[in-house]
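Please examine the model shown below.

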Amino acid sequence: MLFLCRSPMSSSLGRQWIPTLAATTVLPMPGLVAPETPHYVPAPGTQADLEYADLPIIDLAGAGTPEGRLALAQQARDAMANHGFFYVINHGYTPAQTERIFDIADVPFARVSDEEKQTYVATMKQTGSYQGYKPRQYWHIANGVRDQLEHYSFNRDITKRQHPEPLRPFLPELEAFARHNHEDVLHPVLRSGPCLMPCSRTLMMDFLCRLLALGLELPEETLVNLHGYSSVGETSVRFMKYYPRTKDEELKTKSAWLKGHTDIGAITVLYSQPVAALQILTKEGSWKWVKHIENALVINAGDALEFLSGGFYRATIHRVIQPPPDQQNYTRLGVFYFAMTDDNVTLAPLLESPVLQRVGITKSLGGAEPPTMEAWRKARTAAYGQTDLKPTEKGVEEEVIKGVVVKHYN
C-alpha cells in the first residue's frame, strides 16, 4: 500500500512529501484504515546555545502512588502559580500518534489551494471567531510589517462547519484528537479527585485529575463543569504554520513574529516541536526560550484561568521570535488545543476557594465588570493585530478590552 513513512531527507522549508511503502495506520475506530498523506519532516533541533526557561516536567508515570501524586501535585501547583507554564510527558499519546497528527496538521497548508482557502477564511473581526483560516499578513506586527503565519482552527465539535476537501478524510482522526485533548488532558488537568476513565492510563492520569482544582482546594468537578465537551463554546484545535521572513522584516520588528501576549482562554496545550522560537517572560523580566522535548506537551494558563483564580494561576506573557540561525530557513508547524470555558461562564474569581480566601485576589480587573468567556474571546479575537496600540513603558503597548488593560510586549 502506498503510504507515509519517516525519511532523513528534508527540504529547505523543513518538510518534504515522501510517498513510500509502509504499514497501514489504523484509526481509533476498529476496522477503518487511516487515509494516506505525505509525512511532514520537521526541522532538525537547533545546536545554538540558548538560555532556556527552567520549567518543571510533570511525568505522569510517577503518579501511580499516593506519595508520587503528592510530590507531582506540589510541583505542578508551583509551576502554574510561579511560571504559568510546564511540560507534561507520558500523557497517553505515543510518538507515532504525535507524528501522525503533525502529518495531518500540514494538510490545510500544503494540500489546499489558495483559492479553496479563501472559501474557508475566518471572519475574526466581524464575529470574533478564529474558526477557519487566518491568512498570512492579517496581523500587523510593527513598523508596517505584517505577520508571515497562517493557521487553521476548528471547534472541538468538527461538525460546526464545513472543512476543505483535502482535510475531510481525516475528520474521524481529528475528532478523536480533540476528544483526547479534552477528556484525557484538559479534564484530568482540571479535576481534583480520582480519575474514573476506564483506560490503561488511569493511574498515570490520576495525578492530573487532581492538579488545578487541588491547587485551589475546590471540589473535584468545579473547573471541569465549566469546560463541558458538548457545551456552547470556542474550545478549538489549531494548526499553525510560520514561514521564514526577509531580513528587512526582521529588522523592522526586532525579530518578533508574535509580540508578547497572554492567551485568551483557560488552558493552552502545545505539542512540542523542534523549531526554537517560543519564549516566556519571567518574573524577573527576562525572556527565556522554551526548550523542545520530544513527544511532550507544553501547558500554559490563559486569561480565563487567571481571572477565575484571582491571579493565583499566572497567564504568563509569551512571544514567538525568529529562530536561531541554524533553523531560520525552515517552516515552523504547530499543533495546539486552546481550551476555553463554556461561553456563558462569567470570568470572576472563584471566591469559594479556601486558597483565595487565605491569600486574597492578587490580580483584579481594575474595577471592570467581569466579562463572560464569550464576550472576552470575541473582543480579544476581533482586536488582535487590528487595533492601534498605545505605547506606554519601554517595549510595552496597551489596549483596553471590555474595560481591562491588555498589554503587548516586544
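Q: Is Trp376 buried or exposed?

A: Buried means under 20% relative accessible area, exposed over 50%, and partly exposed in between (1.4 Å probe, protein chains only). Trp376 has a relative accessible area of 1%, so Trp376 is buried. This is a predicted model, in which local features need pLDDT of at least 70, side-chain atom pairs count only at pLDDT 80 or more, and totals for chains, interfaces and linings use all residues. Residues are numbered from 1 along each chain as its sequence is written, and side-chain values use heavy atoms, with hydrogens and water left out.

Q: How many aromatic pairs does the structure hold?

A: Rings of Phe, Tyr and Trp (its six-membered ring) pair if their centres lie within 6.5 Å; planes under 30 degrees apart count as stacked, over 60 as edge-to-face and the rest as tilted. The structure holds twelve such pairs. One of them is tilted: Phe177 and Tyr271, at 5.3 Å centre to centre with 50° between the planes. Both Phe177 and Tyr271 are buried. Phe307 and Trp376 form an edge-to-face pair, with 5.3 Å centre to centre and 75° between the planes. Phe307 is buried, with a relative accessible area of 8%.

Q: Over the face of which residue does Lys134 lie?

A: A charge sits over a ring if NZ of Lys or CZ of Arg is within 6 Å of the ring centre and within 35 degrees of the ring normal. Lys134 lies over the face of Trp139, at 4.6 Å from the ring centre. The charged end of Lys291 sits over the ring of Tyr52, 5.4 Å from its centre.
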